[in-house]
Amino acid sequence: MRKKICLPVVFVLLLTLLFSFASCQKDAADDGATTTEAGTTETVQEILTAETDEPSASVSETESETASQTEPSETEPVETDAPTESEPAAQQPEAPSADNNASSGSFSGADMSISISGVRMSPNSNWASYSSALGEPSGVTQAPSCHFDGMDNIYEYSGFSVYTYRNGGEDYVYNIEITSSSIATDKGIHVGSSEADVLAAYGDGYANRSDSLIEYRSGAQSMYISLSGGTVSMIELYSE
């Protein structure tokens, strides 16, 4: 009888122990799960924190790279050849021109006379004082005077001619015309001289000038120098 009662009691005790052991295992498992979940939560937070921090670092690095790209880089100066002063071209001596030589000469009433065959002649003088010294002319021509009443006499010689007008029964010289290169003025101008020579001798104080004629004037008297191609072709000493 005791043996039958003991067996159920033992069985109950075993069940109680098993139930107690199962309860302890369950509690331990619940604690572990809590720990695991807590640990998992912490790990996720750490991961989230790390991921949150990483973009900040990336942004900083990106800003740094952008700043480095935007900053002007120091470039080495490119060496260029310094401009050299151009050397002035060698100046060629200017050819003397007519106007350049003009300032050296001048004209006055003293230039209104000329020496021919040792005889000094000038306009507005008595022809009789020259005629005997000059000898017989090669020709004498009369023509109505363009400047005075009556007739003009033209005494022709080799290389020059003398024009006279009548006044009180006597001839007076009013024009001496020179066509020979052997007769020169006191300043050396003769047929064949250049225009530049004329301007050098008598200056630029002329009364009139063209390609074919230069007139120098003193009072009522004029020196006419005819030109042909820039060369003297005739010289006239004229008085009104």
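Biologist: How many helices and strands are there in the protein?

Modeller: In this predicted model, there are four helices and ten strands. Reading from the N terminus, the elements go α-α-β-β-α-β-β-β-β-α-β-β-β-β.

Biologist: And how many salt bridges does the structure hold?

Modeller: Six. Let's go through some of them.

Biologist: Okay, what makes D186 and R120 a salt bridge?

Modeller: Their side chains come to 3.0 Å, N to O. The cut-off is within 4 Å, for a side-chain nitrogen of Lys or Arg and a carboxyl oxygen of Asp or Glu, so the pair D186 and R120 at 3.0 Å qualifies.

Biologist: Which parts of the chain does that pair link?

Modeller: Distant ones: D186 is in the loop between β6 and α4, while R120 belongs to strand β2, and they are 66 residues apart.

Biologist: Why is D186 called partly exposed?

Modeller: Its relative accessible area is 44%. Buried needs under 20% and exposed needs over 50%, so a value in between is partly exposed. R120, at 43%, lands in that class too, so it counts as partly exposed.

Biologist: How do you know that E195 forms a salt bridge with R209?

Modeller: The closest N and O atoms of E195 and R209 are 2.8 Å apart, and the limit is within 4 Å, so the pair passes. E195 lies in helix α4 and R209 in strand β7, so this bridge ties together parts that are 14 residues apart in sequence.

Biologist: Is E195 buried or exposed, and why?

Modeller: Buried: E195 has 19% relative accessibility, and the cut-off is under 20%, so it makes the class.

Biologist: What about E240 and R217, what makes them a salt bridge?

Modeller: The N to O distance is 2.7 Å, which is within 4 Å, so the side chains of E240 and R217 meet the definition. The pair links distant parts of the chain, with E240 in the segment after β10 and R217 in strand β8, 23 residues apart.

Biologist: Which residues do salt bridges with shared partners join into one network?

Modeller: E215, R217 and E240.

Biologist: Zooming out, what share of the 240 residues counts as buried?

Modeller: 27%. The protein's accessible surface comes to about 16,300 Å², with 53% of that belonging to carbon and sulfur atoms.

Technical notes:
Residues are numbered from 1 along each chain as its sequence is written. This is a predicted model: local features need pLDDT of at least 70, side-chain atom pairs count only at pLDDT 80 or more; totals for chains, interfaces and linings use all residues. Side-chain values use heavy atoms; hydrogens and water are left out. Helices (H or I, at least four residues) and strands (E, at least two) are DSSP runs, numbered from the N terminus. Buried means under 20% relative accessible area, exposed over 50%, partly exposed in between (1.4 Å probe, protein chains only). Accessible areas come from the Shrake-Rupley method with a 1.4 Å probe; for residues, only the protein chains shown count as cover.
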